[in-house]
Amino acid sequence: MFLVDLEKGRIVDDKELKETLAHARPYTEWMDRIRVRLDNVESDKQQPERSSVSLLDRQQAFGYTQEDIKFIISPMAESGEEPTGSMGNDSPLAVLSTKNKTIYHYFKQLFAQVTNPPIDPTREELVTSLVSFIGPKPNLLGIEERNPPLRLEVHQPILDFFEMEKIRNIDRYTDGKFKSFELDICYPVAWGKQAIEARLASLAAQAEDAVRAGYSILIISDRKIDSKNVAIPALLALSTIHQHLTNKGLRTSTGLVVETGSAREVHHFCLLGGYGAEAVHPYLALEVLLEIAGSNGGIGNGEAKKAIKNYVKAIGKGLRKVMSKMGISTYMSYTGAQIFEAVGLSKSLVDKYFAGTTSSVGGIDIFGIAEETIRNHESEIGRAHV
């Protein structure tokens, strides 16, 4: 890069030009003043909380299969790499399948249609970043802003048990610098599929009220799932809240963290990020890793810690790979980008809850999604506790 300065009659070379711009303002000082790193926040929690519902029941309620554990989760925990799969996918579209499918199966990632990938995530790792900032966003053009909002930095968006515990109690750990509010996306299964619209509207209103009350982080959680309460699909709840806050002009005033048992493979995390999640805590997938490591719910042994570390590392590599297909190099740019196509969802559902998403093949509506979710729930958790 060089600049032709016609007024001074000289050419400004690359080094001088960049140094002049970089030192024009005390940018480093400003960043240090408004940034709080989650790694530096101290927690007094020793072990993750255990659910009263058995691990197997929750796995089946969230649509886990033996293949998910054997061919996806376990290899990632062992090697720290995303498992190798075939180039093609010969499974039927979710809307045509006779098996119960999660909402993640109804979306496909778009990609930049060029001969070569826009970014090589391995060779060009230097220009890619998974750093995510949770909380209110400052005005990008507000260089003279005197009191920009504080931002909570995480070095990558997949949270383990301790990181999630920090965020849940961030008010206490940061002396009130941040405040978190939990939105429970479960509702009584006895209400049936017709209740999902009203529950989503209620969640959106709750989120809006929380932001206006000054909460800087919203936690969208399905952890309270049990025999009597079914969880709204996390992706659907997230997109509903994200779009509602955007329409109300409040989205930049808060951060969204998803705590879900449904996310377990790279595609799931990509979707959650693409529809607005600054961070995701896949508690059920991590509990599966603890069981595989034989730690009985604790993470004290080395095998369990290594498994969780490798799994998070593998998901991170997968995120970089998927982002690179669209020429996106940072997770912050990917958050809320919605670069997916819906396949098998009705136009009314997409327009209302996933506005802006491309959809050329229609299909089931909001009640169809609720029916599939309840069918999974009742066939496993409900039956186990009858």
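I looked up the lining of the largest cavity, and found that β10 (229-231), α8 (234-247) and α14 (366-384) each supply at least two of its residues. Helices (H or I, at least four residues) and strands (E, at least two) are DSSP runs, numbered from the N terminus. α14 gives the most to this lining, with 5 residues. In total, 22 residues line the largest cavity, and Ala61, Phe62, Thr102, Pro233 and Thr373 lie nearest its centre.

I noted the origin of these values: this is a predicted model, in which local features need pLDDT of at least 70 and side-chain atom pairs count only at pLDDT 80 or more, while totals for chains, interfaces and linings use all residues. Residues are numbered from 1 along each chain as its sequence is written, and side-chain values use heavy atoms, with hydrogens and water left out.

I recorded the volume of the largest cavity as about 240 Å³. The search of the whole structure finds 1 cavity of 30 Å³ or more. On a 1 Å grid over the protein atoms alone, a cavity is a set of points where a 1.4 Å probe fits but cannot get out, and a pocket is an open set with protein on both sides within 12 Å along at least five of seven lines; lining residues have an atom within 4 Å of a point. Grid points are joined across faces, edges and corners, and a volume is the space filled by probe spheres set on the points.

The largest share, 5 residues, comes from α2.

I then checked the partners of β6, where two strands pair if DSSP finds at least two bridges between them. Strand β3 (residues 35-37) pairs with β6 in the parallel sense over 3 bridges, and arginine 37 stands opposite glutamate 153. Strand β5 (residues 132-134) and β6 run antiparallel, joined by 3 bridges, and isoleucine 134 stands opposite leucine 152.
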